[in-house]
Amino acid sequence: QQKSKELAHQLRCIAADEEELKAQFSDVWSHWVKELTTDTKPIENINLEEDQIAVLQDLGVEWGLIGESKKGQRYKNISETGTYVCYITQKKYQKQYEESQQSQQLFGMASTTQHVESENHLQYEEQELIRSFVKKVEQECLEAIRSKPVATRGYRSTYLQELAKNVKQKVAEFESGKKFTFKKEFTVDLSLYVFDRAEVWLLNSHKIYRDNNDALTYLDNKKNEYYNIFRSFCKGSSSAVVFGEIMCEKLKVSAVEAVCNKTGVDIAGQMMCSFPAFNGNRLNLEKHVLASLAEKEDFNRFTTYIRNPRAQVEAFIKEQVKKYMFTTQKVKAQNILKKNVEGISRVISQALFEATQKFKHRKGNIEMWVEEFSRKLKPKLILDTVSCQNFSDINNFDFLKEEIEKGLKRITTEMSELSLEKVNDCRQKPDQILIDQLCNCCWETCPFCAAVCTNTLKDHRPEKHSVPFHRPNGVRGWHYRRTDDLVIDFCTTLVASDGRFYPEHDSEWSVPYKQYPTAGKKYASWSITADNSMLAYWKWFVCHFQKELENYNKNKFQGYGAIPQQWRTLSKKDAIESLNEMCSL
């Protein structure tokens, strides 16, 4: 600031020529930057791709495997792939489905892959176990990488080494005791997938570190600010006028952020109060998600919902928020934004008034005034650090206040033109606020039909998982052993029957449905009422998507699992209307 001030006094004679001013300042600025950074080593941008390859090669992975996966980007689909058969090798071939004469009446897990001539095949449950494992590893690795101080200390390739070693260890632990082992391709693809998911966070965090700690980057970011100081002094402006301009630049950044964050919070709050899908209990949200799925008639969305219900609910929330903000309630959202612009402007004006009043009849310097002004802005607005160096001559705070008020009018005008897209890019995104509030609950699924537990508490032990309405077991892939017949019965019917089931696809022993809690931990943690309740929605779903379900599960609704004829009379309207039964309980 002082050098800008000194140069400005030297060049006041050419103040009228803007181009000459810029040229003179740029020339001197380049000299200053060179002088300041001569002995400073620049912080380089990071090359994650090179590091990823080096890390995997250090762990003994051949370049060919890495290159093959990267070229086809196979790794990007590892969490949603239809089958994991290509990733496994059976430890020892064992004949499947050797059953007694009574086996036609017993149930086992269906396969989601075609039966192939090789010994490698996976049953439905194994597929889902691997899928859950992939998602668990992803979540744990992302949590681990986000705990690293990248934004304050910078990026280290050792962070990727930790991730890769963790993935390798988790894979070894997971396949221990299984009848198959993973090929190298699985560990490579899972490592690359985790790297890919962490990439944006690493790049953004390292950019923050570089912007704050790299001398050249810091000075480059400050060039415009110092040019404005320089130009103002060239025009003969007083220290108060120049400092007022600096304050306004700082205020503009903080005010825009505060307005957008407050608008995000307010829109989320408004939707929680008045939006039908979000203003009720967990069952109400479930009802609207299912209704939306039925309206779209998109089987892929249904499979996402069955495999990963939380992902589909989050997608639903994002879709509804986008529709609310930019279509159905756009005017209301814009009014919320407008109200917050006016509110933040009033906060700044009041803080200016109170800070200036405090030093009207008592002695104080510019640093004390800035400290008081910043304190009055909190907690509505956090002002970035303002350097008062070289402005110690300012003592007329009334004049400073007037100068800032002039700039505040311009800031308010600019903020009134903020778009809702800007709000959606802020730290307090309305959709993420709603996801955090609505999805912080239990997501365990029924081991028979994949229905989602509707308890609003994430951990509700010792209370068991439960759901008011279950589904036909064939939705999850259950079928009669030694047949291609999917199970058409609902859980609530089965637990009242005299039938039996195999807890695992390769179990050699069966359990009576009436004693399902004895089949293992995942069954014992559920409370399934034997009330024969059957929601019309799932009857319609099975009929409407029969072919897709059969192709997906590689079995058919036939024989023991034939669809009752009366189910086929149900319309989509009947299905959606039946969802009201969920919320009437």
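**Entry 1: charges**

I count Lys and Arg as positive and Asp and Glu as negative, leaving out His and the chain ends. I place each charge at NZ of Lys, CZ of Arg, CG of Asp or CD of Glu. On that basis the protein chain has 84 positive and 80 negative charges, and their mean positions lie 3 Å apart.

**Entry 2: ground rules**

The model is predicted, so I take local features only at pLDDT of at least 70 and side-chain atom pairs only at pLDDT 80 or more, while totals for chains, interfaces and linings use all residues. Residues are numbered from 1 along each chain as its sequence is written, and side-chain values use heavy atoms, with hydrogens and water left out.

**Entry 3: overall form**

I looked up the secondary structure. The protein chain has 24 helices and six strands. These are DSSP runs numbered from the N terminus: helices are H or I of at least four residues, strands are E of at least two. The radius of gyration is 32 Å, well over the 25 Å that the globule rule gives for 585 residues, so the chain is more spread out than a compact globule. The radius is taken over C-alpha atoms, and the rule is 2.2 Å times the number of residues to the power 0.38. I then read off the principal axes: the C-alpha trace spans about 105 × 60 × 40 Å.

**Entry 4: surface and contacts**

I checked burial next. Buried residues make up 49% of the 585 residues. Buried means under 20% relative accessible area, exposed over 50%, and partly exposed in between (1.4 Å probe, protein chains only). The chain exposes about 29700 Å², with carbon and sulfur atoms supplying 47% of it. The areas come from the Shrake-Rupley method with a 1.4 Å probe; for residues, only the protein chains shown count as cover. For contacts (heavy atoms within 4.5 Å), I took residues at least 6 apart in sequence. Of these contacts, 74% join residues at least 24 apart.

**Entry 5: Thr217**

Thr217 sits in helix α9, residues 215-234. Its relative accessibility is 11%, so I log Thr217 as buried. I found a polar contact at 2.7 Å between the side chains of Thr217 and Asp214. Such a contact is a pair of N or O atoms within 3.5 Å; within protein, one must be able to donate a hydrogen and the other to accept it, and residues adjacent in sequence count only if both atoms are side-chain atoms. Leaving out residues up to four places away in sequence, Thr217 touches Arg210 and Asp211.

**Entry 6: backbone checks**

I looked at two cis peptide bonds. One runs from Lys378 to Pro379, with omega near 0°. Pro379 is in the loop between α15 (366-377) and α16 (397-415). Another joins Arg461 and Pro462, with omega about 5°. Pro462 is in the loop between α18 (430-438) and β4 (478-480).

I also looked at positive phi in residues other than glycine. Glu297 has phi near 55°. Glu297 is in the loop between α11 (282-296) and α12 (299-307), and at 33% relative accessibility it is partly exposed. Lys554 has phi of about 60°. Lys554 is in the loop between α22 (546-553) and α23 (572-578). Its relative accessibility is 34%, so Lys554 is partly exposed.

**Entry 7: Gln169**

Gln169 lies in helix α7, residues 158-175. At 46% relative accessibility, Gln169 is partly exposed. I took its C-alpha separation from Glu80, 89 residues apart along the chain: 22 Å.
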